[in-house]
Amino acid sequence: MPTSKRLSALGSGVFARSDAAKQTYRERTAQRGGPALVDLSIGSSDLAPPQEVLQSIATAVLQPSSTSYCLQAGVKPFHRAVADWCRQRFGVVVDPDREVQLLVGSQEGTAHLPLAVLDDGDAALHLDPCYPSHSGGLHLAGAAVQKLSLSPEHNWRPDLQSIRASQWDQLKLFVLGYPHNPTARVGDQEDLNRIMGFGTRHQLVIAHDNPYVDLALNGVAPALLQAPGWRDWGIEFFSLSKGWCLGGLRLGFAVGAAPLIAALRQTKAVIDFNQSLALQQGGIQALQEFAHWPIKLHPIFRERRDRVVRLLSNRGWNIACPDMAMYLWMPLPAAALARGWSDEQTASELLQRSGVALTPGSGFGVAGRDWLRMALVRPVDELELAAQRLMDALDE
């Protein structure tokens, strides 16, 4: 059956390929035996959310309204909670009606925004490597996609001097996100201020994906809401998936310039409905009563990071210590390079030999080639065992 050219541009996606490989491994071990799968390929937190939030959802879901469609009027309490959180978290006053929009996760927002602000052939920029929805949304909108390559030599920060003035003039949208997935770098507020400045001067939409804003283990995470000019040409996406461990509930929101929020809202109106009121009730409670919950996760992720990095380094796999929680961004180990393995082949071989699933860096873009991402989403003892299994597999 024929499919669209824009679908072909997306490819199968790194997570879809990884999921297929994991399923093949499960089927093989079920038949022949072998170590159980340890899935460190996706940033789905193993940590519990606030139990009071789950109880709030459980209570609200029994109300008849929870199973009804939720139109725009129904999201007002959630939007007010977001506005209160923005004031407390960033010291910024936002209009809950005009500058906030509930989302089915921040990924949905970054993927749908290009449909709202771009015409076919408009120039748009994303980082390389980047989270797949950043590039995927641009392709789906028919954009003329450009990439700003990141590198370890620049500590995975954007080299803004590499973008010519004429290029800034042509761009209509720049999608980025710090703290950065997959490289686990927190980023720098001054970089974001400069980028927002380019947006204001060149009438360029700056879309900043910020689901890890409260998971910086070193330094302070940047925020577009603290950059001058965001009310003119900026929009920022947040999520309850990471900091509040609510990934499966798909609760996120955008805060931005009123015309951008209106455009995103109009686009969403023909694509989806808002989340159930019961889920929104949980999100409201998380933002209002458990705003500091993500900070409580820091010691857990710091211990996981430090112990796994130490173990791998002691066995010869040198990995830079990440600034943010949840991920390790790892260069291909020497044993893989000596065998001539690509990052995709390395991830596949390690899965088959050790039962530990990692994500190949090239799945996030060309600049991620020869890197692997590990999600620190298991208890620390299990992570250390998985690290031992990885090193043993490389020694075979």
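Select helix α14 (residues 343-354) and helix α15 (residues 380-395) in this predicted model. Their axes come within 9 Å and cross at roughly 105°. An angle of 65 to 115 degrees counts as roughly perpendicular, so α14 and α15 are roughly perpendicular to each other.

Now show the side chains where the two helices touch. From α14, pick Leu350, Arg353 and Ser354. From α15, pick Arg389, Leu390, Ala393 and Leu394. By class, this contact has 4 nonpolar, 1 polar and 2 charged residues.

Stay on α14 and select alanine 347. Is alanine 347 buried or exposed? Alanine 347 has a relative accessible area of 8%. The cut-off for buried is under 20%, so alanine 347 is buried. Leaving aside neighbours within four places in sequence, alanine 347 is in contact with Leu358, Pro360 and Leu372.

Follow Leu372 into strand β12. Select residues 371-375 to see this strand. Here 5 of its 5 residues are buried. Trp371, Arg373 and Ala375 point one way from β12. Leu372 and Met374 point the other way. In a regular strand the side chains alternate between the two faces of the sheet.

Which strands pair with β12? Select strand β9 (residues 327-331): β9 and β12 pair in the antiparallel sense over 5 bridges. Proline 331 has tryptophan 371 as its bridge partner in β12. Then select strand β11 (residues 359-360), which runs antiparallel to β12 and is joined to it by 2 bridges. Threonine 359 has arginine 373 as its bridge partner in β12.

Notes:
Residues are numbered from 1 along each chain as its sequence is written. This is a predicted model: local features need pLDDT of at least 70, side-chain atom pairs count only at pLDDT 80 or more; totals for chains, interfaces and linings use all residues. Side-chain values use heavy atoms; hydrogens and water are left out. Helices (H or I, at least four residues) and strands (E, at least two) are DSSP runs, numbered from the N terminus. Buried means under 20% relative accessible area, exposed over 50%, partly exposed in between (1.4 Å probe, protein chains only). Contact means heavy atoms within 4.5 Å. Axes are lines fitted to C-alpha atoms, for helices over the stretch in contact, and angles run from 0 to 180 degrees between N-to-C directions. Angles under 35 degrees count as roughly parallel, over 145 as roughly antiparallel, 65 to 115 as roughly perpendicular and the rest as oblique. Ala, Val, Leu, Ile, Met, Phe, Trp, Tyr, Cys and Pro count as nonpolar, Asp, Glu, Lys and Arg as charged, and the others, Gly among them, as polar. Two strands pair if DSSP finds at least two bridges between them.
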